[in-house]
Amino acid sequence: MSEQKKIRILICDDHSVVRDGLKSFLSIYEDFELVGEARNGEQAVALVNQLQPDVVLMDLMMPVMDGAVATRRIKEKFPKTQIIALTSFKEQELVKGVLEAGAIGYLLKDLSADELARAIRLAYEGKPTLAPEAAEVLIEASRPHQRKVGDDLTEREREVLALMVEGLNNQQIAERLVVSLSTAKSHVSSILSKLGVTTRTEAVSLALKHKI
């Protein structure tokens with residue numbers, strides 16, 4: 001790659017050790033040129049405005065301004081600048097937040113030099129790269145929440161259901177829990193409704209099957 005076509009890169013990380021490591025890494029590849037480094041998101045926004053790099057390696061958890069906010073501000077003003085989130089965290093909120101802000105990649109800091117180099121080149125071409133952990137988080141977030149059978153039972157209802165499994169009738173349940181017969185009946189009725197069944201036998205069967 002000719003001198004004019006080098007990929008211009010800006011590093012943004014609040015840890016000098018990380019920045020130094022990334023600088024050493026970038027120096028290995030002839031097609032990369034480090035044009036600047038920032039200690040926080042605010043500095044990154046200012047430096048992108050000044051230097052207009054092709055790709056920004058953006059940490060997320062930083063003082064003054066975090067990576068997601070900085071990413072959004074950079075992309076609003078310089079949509080052609082590609083941003084790769086490079087972080088140690090894989091929480092769903094962080095992954096979704098920075099990608100929604102406009103980042104083209106989300107990578108964890110334990111990746112190899114060649115993996116990062118590949119991601120930078122892909123980002124330069126406008127192609128996304130996600131760490132497997134980040135992709136998994138997004139897939140999980142896109143799935144409808146699967147509620148387990150019995151999730152909405154109260155603690156008292158779980159107690160009553162356990163006694164139903166033992167074979168106790170309403171009167172016996174009332175005596176065991178020291179409550180009125182009408183209260184026991186009310187709990188049983190609520191359990192049947194929440195489990196979507198009509199008989200005690202079905203409720204007991206579900207309880208045993210799903211280990212409620």
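The chain is split into two parts, domain 1 (7-142) and domain 2 (155-210). Taken over C-alpha atoms, the centres of domain 1 and domain 2 lie 55 Å apart. Please keep in mind that this is a predicted model.

**The annotated aspartate**

- An unreviewed UniProt entry places the feature "modified residue: 4-aspartylphosphate" at Asp-59.
- Asp-59 sits in the loop that runs between strand S3 (55-58) and helix H3 (67-77).
- Is Asp-59 buried or exposed? With a relative accessible area of 4%, Asp-59 falls under the 20% cut-off and therefore counts as buried.
- Setting aside neighbours within four places in sequence, Asp-59 is in contact with Cys-12, Asp-13, Asp-14, Gly-67, Leu-86, Thr-87 and Lys-109.

- Which residues of helix H10 (residues 200-210) are buried? They are Ala-203, Val-204, Leu-206 and Ala-207.
- Helix H7 (155-166) and helix H9 (181-195) are what the buried residues of H10 pack against.
- Turned away from that buried side, the other face of H10 carries the exposed residues Thr-201, Leu-208 and Lys-209.

Notes
Residues are numbered from 1 along each chain as its sequence is written. This is a predicted model: local features need pLDDT of at least 70, side-chain atom pairs count only at pLDDT 80 or more; totals for chains, interfaces and linings use all residues. Side-chain values use heavy atoms; hydrogens and water are left out. UniProt positions are given in the numbering used here, feature names are shortened, and annotations may be inferred rather than shown by experiment. Helices (H or I, at least four residues) and strands (E, at least two) are DSSP runs, numbered from the N terminus. Buried means under 20% relative accessible area, exposed over 50%, partly exposed in between (1.4 Å probe, protein chains only). Contact means heavy atoms within 4.5 Å. Domain bounds come from an automatic or database domain assignment.
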